[in-house]
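Subject: Model for your review

Hello,

Please find the structure below, followed by notes on what was found in it.

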Amino acid sequence: MPYWLRLIIVMAATGTVIYVITGLVQRRVRADDDPSQTPDVIEYMTMMIGVVYAIVLGLAIAGAWEARNEAQTVVQNESQALHEVAERAQVFPAADRERIRRSIDAYAAYVADKEWPEMAAKGQLTDRGDQLFGKVRTAVLRSEPRDELQGQAYTPMADQIALADEARTNRGESAQPTMPPVVWFGLIVGAVVSIGMVFALQIRRTARELTVAMLYCALFAFLLFLIWDMDAPFGRGMAITPDPFLALRGR
């Protein structure tokens, strides 16, 4: 099921729940009940809870978005480092150059086709990917420089391999969820409390009040869904794609 369709279903379900709960509450309201007599302290508490929860939501969204951007940067750094290795290998003999490029192509193809789905599903790298990256490192280190030009290219190539190794490690760490369970607990409880305070204001089943309450709750559903979607940078609707590795393979 597409993620946009899931979002619509969640928002619609949230609005429906609010409508049903409002109807049930109204059945228990006495005929002489006057909603205008709601204590001022309840209105003040509702406002404060909404403001505090909005700040928490904003911080959570900012954190999830920052983590996603960092994961995107890590992917680009890894592919760019390997691209630099392949380009600098041009000054080496044909045998060494082809060995390096074949190892990079094999690694990039595996990451894009095999490791990426595995990483998205399980949140971790694969042993086969580690082996193929080790072959890239070995191919570079075995290409000993034979003249000054090759010597000038060899050290930067080794440095780029180290950068790619670090980026690969960071990519594995970025595949893990960014939000701890305790944060999700706070977000969900905060949403329930914030929505529950709406009923403390004794809303009626008028079109205006129901529309505002449903939009209020649908907004919470959307923001929580957005955080959940960005919480796994490689595996959901806004997932980072392996395009840099596809470009590296097809250079």
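**Buried polar and charged residues**

Q150 is buried, with a relative accessible area of 6%; buried here means under 20% relative accessible area, exposed means over 50%, and partly exposed is anything in between, with a 1.4 Å probe and protein chains only. This residue sits in helix α5 (residues 148-174). Helices are DSSP runs of H or I of at least four residues, strands are runs of E of at least two, and both are numbered from the N terminus. The Q150 side chain reaches the backbone nitrogen of R146 at 2.8 Å.

Before the rest, the conventions. This is a predicted model, in which local features need pLDDT of at least 70 and side-chain atom pairs count only at pLDDT 80 or more, while totals for chains, interfaces and linings use all residues. Residues are numbered from 1 along each chain as its sequence is written, and side-chain values use heavy atoms, with hydrogens and water left out.

**Confidence and overall fold**

pLDDT is the predictor's confidence in each residue, from 0 to 100. Its mean over the protein chain is 82, and 82% of the residues reach 70 or more. By element, the lowest mean pLDDT, 66, belongs to helix α1 (residues 3-27), and the highest, 92, to helix α4 (residues 127-141).

The protein chain has eight helices and zero strands, in the order α-α-α-α-α-α-α-α along the sequence. Of its 251 residues, 37% are buried.

**Salt bridges**

Side chains of opposite charge can pair when their charged atoms come close. The criterion used is a side-chain nitrogen of Lys or Arg within 4 Å of a carboxyl oxygen of Asp or Glu. By that criterion the structure holds nine salt bridges.

One of them joins the side chains of E115 and R168, at 2.8 Å from N to O. This pair links distant parts of the chain, since E115 is in helix α3 (residues 94-122) and R168 in helix α5, 53 residues apart. E115 is buried, at 0% relative accessible area, and R168 is buried as well, at 3%.

R168 also meets the side chain of D130 in a salt bridge, again with 2.8 Å from N to O. Here too the pair links distant parts of the chain: D130 lies in helix α4 and R168 in helix α5, 38 residues apart. D130 counts as partly exposed because its relative accessibility is 40%.

R137 and D165 form another salt bridge, with their closest N and O atoms 2.7 Å apart. R137 lies in helix α4 and D165 in helix α5, so this pair ties together parts that are 28 residues apart in sequence. Both residues are partly exposed, R137 with a relative accessible area of 28% and D165 with 27%.

Salt bridges that share partners join E78, E115, D130, R168 and R171 into one network. Within that group, E78 is found in helix α2 and is buried, with a relative accessible area of 0%. The side chains of E78 and R171 are joined by a polar contact of 2.8 Å. A polar contact is a pair of N or O atoms within 3.5 Å; within protein, one must be able to donate a hydrogen and the other to accept it, and residues adjacent in sequence count only if both atoms are side-chain atoms.

**Surface patch and annotated segments**

Which residues form the nonpolar patch on the surface? They are Y44, M45, M47, M48, V51, V52, I55, V56 and L59, with about 840 Å² of accessible area together. Patches are made of residues with over 30% relative accessible area and no salt bridge, with nonpolar side chains (Val, Leu, Ile, Met, Phe, Trp, Tyr) joined within 5 Å and like charges within 9 Å. Accessible areas come from the Shrake-Rupley method with a 1.4 Å probe, and for residues only the protein chains shown count as cover. M47 is in helix α2 (residues 40-88) and counts as partly exposed, at 46% relative accessibility.

An unreviewed UniProt entry annotates residues 6-25, 46-65, 182-203 and 210-228 as "transmembrane region". The UniProt positions are in the numbering used here, feature names are shortened, and annotations may be inferred rather than shown by experiment. In the model, residues 46-65 are 100% helix and 0% strand, with end C-alpha atoms 28 Å apart. Residues 210-228 are likewise 100% helix and 0% strand, and their end C-alpha atoms lie 27 Å apart.

**A loop position**

E144 is found in the loop between α4 and α5 and counts as exposed, at 56% relative accessibility. Its C-alpha atom is separated by 8.9 Å from that of F92, and the two residues are 52 apart along the chain.

Regards
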